[in-house]
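Hi there,

Here is the structure I promised to pass on. Please have a look at it first, and my notes follow below.

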Amino acid sequence: MTTATQPTGQRPRVVIVGSGFGGLFAAQRLKRAPVDVTLIGKTTHHLFQPLLYQVATGILSEGEIAPATREILKSQDNARVVLGEVTAIDLNARTVTSTVLGRTTVHEYDELIVAAGAGQSYFGNDQFAEFAPGMKSIDDALELRGRIFGAFELAELATDPREIDRLLTFVVVGAGPTGVEMAGQIAELARRTLRKDFREIDPTSARVILLDAAPQVLPPFGELGHKAHKQLNEIGVEVQLGAMVTDVDADGLVVKDADGHERRINAATKIWAAGVQASPLGKLLGDQSGAAVDRAGRISVQPDLTLPGHPEVHVVGDMMSLNRLPGVAQVAIQGGRFAADAIKQRIAGRPTKPEFHYFDKGSMATISRFHAVADIGKLKFSGFIAWVLWLVVHLMYIVGFKSRITTVLHWVVSFLGRGRSQRTTTQQQVYGRLALEQLGSHFEASKTGGQQDERVPVDATGRESA
Ligand SMILES: Cc1cc2nc3c(=O)[nH]c(=O)nc-3n(C[C@H](O)[C@H](O)[C@H](O)COP(=O)(O)OP(=O)(O)OC[C@H]3O[C@@H](n4cnc5c(N)ncnc54)[C@H](O)[C@@H]3O)c2cc1C
């Protein structure tokens, strides 16, 4: 238990890193607290990752699942939103350094909440990313949208049957919830939405393969995983289990089966939905605090989500490791709120709770329209009931009334009808990431004339610190 650090003459400064589930819910929980909150995010939006696959497959627009963080917090007077990628945290000096387009800013803090989440892991094969994008950001989803719809376009023009087969083969790597949802949606896109849109090809003949090295679809769902597997087969998804990807290139991928046999699948579109790697900030904090960091980059936190010897630093969400808690939105939301409550208690001079207790509200995954699986405590649902539950829960957590209304409209278009309202793709979306990577990290800064600031205060009112 600790007491508050009260800077003389000003309110405690709370810096939050990340505008995802952990960071945003922590900031909102501090709404009425006598603190100045600075929320630093690498993007200008709060991303609802569970629906990224619907952006990738043309059901929803990116704005519906990624409202501006600034807009969400506009009526929270004690909160300031800052765009920037945090590149350094100094636990002794109590500063956080962020950079955007060449401008570097140093933020001082009294309390810090780090909720920088996780990125994609290619298990040491980062070269796969060029050919098999992951699904972690709006950029990823739009790139995949371009690649998926683009493959059908190119197939319409191709004349060699083998080339057409390659273009109409879609491989999703990873049979967790994201992979299952993605594979199911590509199958529905091909069989329902695009059915009559082409003249030379038959989109319903597209091959959608979901593969995983594990022996089961949705392993944590137990028996429901088998039901999901059956439903996937019914909508035409080929599920290949015990299949480990050993190589990926522009034309396809190489897979090693459980019996050691290697084979090649020719596929133009590959999607990586396997493995996560926590933000590198985990290692940075581990090096300074002595907290252990696991192979996935997650930092071990104390039972109260703080770092050893640093009760003023909380780490929450996907980048922390505690009692094998899963990397899901509820762990991040509840962790963010717990950290905010601890800060409020300390400031009020009251004891903080010694342990974070996670309340598991269950997990769900959709397979296709009208089909989902839901595992809620002792209750297990599959099929239509699970799908309705899935719709309601996801709608509840989408931020903003406007987004909820338009999401429902787009769901009506896609699930009751056959259409998809968001099929627009651009060349930039498909090639932008690769082009920027080739241009190098100095390119963006060189276009903006970015500058460096000596020191900028963390104060919602813009007040300067000494
Ligand atoms: C495709 C997909 C589907 C999912 N589906 C589900 C689901 O159905 N149900 C479920 O419960 N969970 C799901 N999850 C997991 C869930 O989204 C995460 O567990 C949750 O987002 C974790 O919250 P977080 O705050 O830790 O991280 P995030 O929500 O990832 O937020 C991290 C934030 O930190 C920012 N950031 C990162 N690095 C820096 C930096 N250096 N400087 C500044 N800002 C930084 C990011 O831009 C982001 O705003 C899914 C995840 C994905 C990717």
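What is the strand order in the open sheet of 3 strands, and what is its pairing? The order is S12-S13-S14, and the pairing is antiparallel. The edge strands here are S12 (244-248) and S14 (262-266), each of which pairs on one side only. Averaged over this sheet, neighbouring strands are turned by 30° against each other, direction ignored.

Before I go on, two notes on conventions. Residue numbers start from 1 along each chain as its sequence is written. Please keep in mind that this is a predicted model, in which local features need pLDDT of at least 70 and side-chain atom pairs count only at pLDDT 80 or more, while totals for chains, interfaces and linings use all residues.

As for terms, helices (H or I, at least four residues) and strands (E, at least two) are DSSP runs, numbered from the N terminus. Two strands pair if DSSP finds at least two bridges between them.

Back to that sheet: S13 (residues 252-256) pairs with S14 in the antiparallel sense over 5 bridges, and Gly252 stands opposite Asn266 in S14.

There is also an open sheet of 6 strands, with mixed pairing and the order S3-S2-S1-S7-S19-S18. Its edge strands, each pairing on one side only, are S3 (79-83) and S18 (306-307). Within the sheet, S1 (residues 13-17) and S2 (residues 36-41) pair in the parallel sense over 5 bridges, with Val17 opposite Ile40 in S2. Helix H1 (residues 21-29) packs on the sheet and touches S1, S2, S3 and S7 (111-114); its direction makes about 155° with that of S1. Helix H10 (residues 329-347) packs on the sheet as well, touching S1, S7 and S19 (310-315), and its direction makes about 175° with that of S7. For these contacts, C-beta atoms, placed from the backbone, lie within 7 Å. The axes are lines fitted to C-alpha atoms, for helices over the stretch in contact, and angles run from 0 to 180 degrees between N-to-C directions.

H1 and H10 come up again at the ligand: along with S2, strand S4 (85-90) and helix H7 (177-193), each supplies at least two residues of the shell. In total, 32 residues surround the ligand, and the closest are Gly18, Gly20, Gly22, Gly117 and Gly317. A residue counts as near if its C-beta atom, placed from the backbone, lies within 6 Å. The shell divides into 14 nonpolar, 14 polar and 4 charged residues. Here Ala, Val, Leu, Ile, Met, Phe, Trp, Tyr, Cys and Pro count as nonpolar, Asp, Glu, Lys and Arg as charged, and the others, Gly among them, as polar.

Two hairpins are worth a look too. S5 (residues 95-100) and S6 (residues 103-108) run antiparallel and are joined by 6 bridges, with Thr95 opposite Glu108 in S6. This hairpin has 2 residues between its strands, and Leu101 in the turn has a positive phi of about 45°. S22 (residues 371-376) and S23 (residues 379-383) also run antiparallel, joined by 5 bridges, and Asp375 has Lys380 in S23 as its bridge partner. Their hairpin has 2 residues between the strands, and Gly377 takes a positive phi near 60°.

Enjoy exploring it!

Best wishes

Definitions and conventions. Two residues are in contact if their C-beta atoms, placed from the backbone, lie within 7 Å.
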